Amino acid sequence: MSRVRCARCGRVRCLCVWIPPPLPHQTELFVLQHPLEVQEVKGTGRLAQLALACVHRVVGERFEPPPNPERRFEALLYPGTGPTESLAGTPPERLRLYVLDGTWRKSRRLLHLNPWLAALPRLSLNAPLASTYGQARKAHAPHQLSTLEACAAALQQLEGLDPAPLMQLQADLIRSLLAFKSA
């Protein structure tokens, strides 16, 4: 028997009451979500789409580069080595940032299946936020953030966006998950 999910947040235990009005920002975000994350109870890609004003979420494993009529400078939010062209000096309204939504294994698969992503300049977070996600999902290193946390940290770094509303949403999600587990 399938459980009824909220049409907006996609959760069995609706989180809509905790989702802030979409926060304005100028950097265009594309969340590329692995198909197995869509129904993941801990997935935060959908929450990022609901809580931020300029987020496009695309589900799949293979992606074609989306049209870029505004000719925004494109980069991948992902740690590690890759092209190192600097984003410094690029105004946020001219940036398009791709964010991979999936486990680390799934995100590496998305990179492997989409060479155009791997060829993009990388944005690494200078000072990642203190993650609370490890309470709900195993993280092997401090830089391993949820998609929501990663988007918040990137927008804080690029635009000075206050991450507090997004981090509160993350805390509410974790509290809900832990309450459900202990019930």
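Five of the five residues of strand 3 are buried, so the strand is largely enclosed by the rest of the structure. This is a predicted model.

The burial holds on both faces. Phe73, Ala75 and Leu77 are buried on one side, and Glu74 and Leu76 are buried on the other. In a regular strand, side chains alternate between the two faces of the sheet.

The table lists two of them.

| Partner of strand 3 | Sense | Bridges | Example of facing residues |
|---|---|---|---|
| Strand 4 (residues 95–101) | parallel | five bridges | Leu76 and Tyr98 |
| Strand 5 (residues 122–123) | parallel | two bridges | Leu77 and Leu123 |

Is Arg71 buried or exposed? Arg71 has 69% relative accessibility, and exposed means over 50%, so Arg71 counts as exposed. Its backbone also deserves a look. Phi of Arg71 is positive, near 55°, in a residue other than glycine. Most residues other than glycine have a negative phi.

**Helix 4.** Helix 4 covers residues 147–159, 13 residues in total. From first C-alpha to last, helix 4 reaches 18 Å, close to the 18 Å expected at 1.5 Å a residue. Which residues of helix 4 are buried? They are Thr147, Leu148, Glu149, Ala150, Cys151, Ala152, Ala153, Ala154 and Leu155. Gly160 follows helix 4, and its phi is positive, near 75°.

Notes:
Residues numbered from 1 in each chain as written. Predicted model: local features only at pLDDT ≥ 70, side-chain atom pairs only at ≥ 80, totals over all residues. Heavy atoms only, no water. Helix = DSSP H or I, 4+ residues; strand = E, 2+ residues; numbered from the N terminus. Expected span 1.5 Å × (residues − 1). Buried < 20%, exposed > 50% of the residue type's maximum accessible area, 1.4 Å probe, protein only. Pairing = 2+ DSSP bridges.
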